[in-house]
Amino acid sequence: MRIPIIAANWKMHKTSEEATSFVSQLGSQLKAEDALETVLCPPCPLLALIAEPCRKYGFKLGAQNMYWETAGAFTGEVSPLLLKDLGAQYVILGHSERRQLFGETDQQVSRKVRAAFAHELVPIVCVGETLQQRKAEQTNSVVGEQVSIALRGLDPSHVRRVVVAYEPVWAIGSGLTASAHDAAAVARHIRKIIGEMFSLKVARDLRIQYGGSVKPENIDEFLREVEIDGALVGGASLDPLIFAAIVQNALGAVAS
Ligand code: PGA
């Protein structure tokens, strides 16, 4: 039984005051539900600040990136050890903005995924094709390669806990979304690849989110697809009322 997971990717937004006020407003809108996991991924310096209020309301905490080393002379980087120490349970890895703007490679994502598990963090591994790749009908091959490199060599007991976020690059922040049907087809392909690499059981256990212009009005279409187990939400996660509506509509879709 896969528990749906809705994660807020705040990206480089919010000050300390905005972050604490967001958590209390969201907390007043939602009650902790076993039927769904809600994860907040603030910029790293805000993790410690919202860890306690998140615990109080039953929200999980995630980071948006990390380095793979535990400590050392890596100016400007943040270690998985510190993320764990600050209260993070999840870490987004390989987001397309990291890949496109900061040159992150599949191999680096793979090292980060292994380091996350070494520190008991669950990675949310982002994959997705560009518009050009979609038009060239390369979606499955691009996403398949990203997934297989990211998960290569992992212990199956870890792989089943991974969250894969399928985020078409052209849908991120654009207002465009993949159709739920197309997103489910890609999710099925991801499970097929993982089934071949590990086992059918592992492929069935792990959760796959959709990401890219998710909002309260479209979340239920995605969650009605059996292959899709939640969403990674950027822009629409910045307002507590809008994000609460996404979580509530997701719960409604799961229940129906
Ligand atoms: P968006 O971003 O919801 O603003 O499209 C999603 C993401 O980048 O994870």
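H1 and H12 cross with a right-handed sense. This is a predicted model, by the way. H1 covers residues 16–29, and H12 covers residues 240–255. Their axes come within 9 Å and cross at roughly 40°.

Who touches whom? On the H1 side, we have Phe22, Gln25, Leu26 and Gln29. They meet Pro240, Leu241, Phe243, Ala244 and Gln248 in H12. By class, this contact has 6 nonpolar residues, 3 polar ones and no charged ones.

Next pair: H5, residues 106–118, and H7, residues 139–151. Here the axes are 7 Å apart, and the angle is about 40°. That makes H5 oblique to H7. The crossing of H5 and H7 is right-handed. H5 brings Asp106, Gln107, Val109, Ser110 and Val113 to the contact. H7 brings Glu145, Gln146, Ile149 and Ala150. The class count for H5 with H7 is 4 nonpolar, 3 polar and 2 charged.

Now the ligand. Which residues come nearest to it? Of the 13 around it, they are Lys11, His95, Glu167, Gly173 and Ser213.

In Lys11, a side-chain N or O atom is 2.7 Å from a ligand oxygen. His95 also uses its side chain: a polar atom there lies 2.7 Å from an oxygen atom of the ligand. With Gly234, the backbone does the work: one of its polar backbone atoms is 2.8 Å from a ligand oxygen.

That's my tour. Over to you.

Note on methods. Residues are numbered from 1 along each chain as its sequence is written. This is a predicted model: local features need pLDDT of at least 70, side-chain atom pairs count only at pLDDT 80 or more; totals for chains, interfaces and linings use all residues. Side-chain values use heavy atoms; hydrogens and water are left out. Axes are lines fitted to C-alpha atoms, for helices over the stretch in contact, and angles run from 0 to 180 degrees between N-to-C directions. Helices (H or I, at least four residues) and strands (E, at least two) are DSSP runs, numbered from the N terminus. A crossing is left-handed if the near helix is turned anticlockwise from the far one by less than a right angle, and right-handed if clockwise. Contact means heavy atoms within 4.5 Å. Ala, Val, Leu, Ile, Met, Phe, Trp, Tyr, Cys and Pro count as nonpolar, Asp, Glu, Lys and Arg as charged, and the others, Gly among them, as polar. A residue is near a molecule or strand if one of its heavy atoms lies within 4 Å of it. A polar contact is a pair of N or O atoms within 3.5 Å; within protein, one must be able to donate a hydrogen and the other to accept it, and residues adjacent in sequence count only if both atoms are side-chain atoms. Angles under 35 degrees count as roughly parallel, over 145 as roughly antiparallel, 65 to 115 as roughly perpendicular and the rest as oblique.
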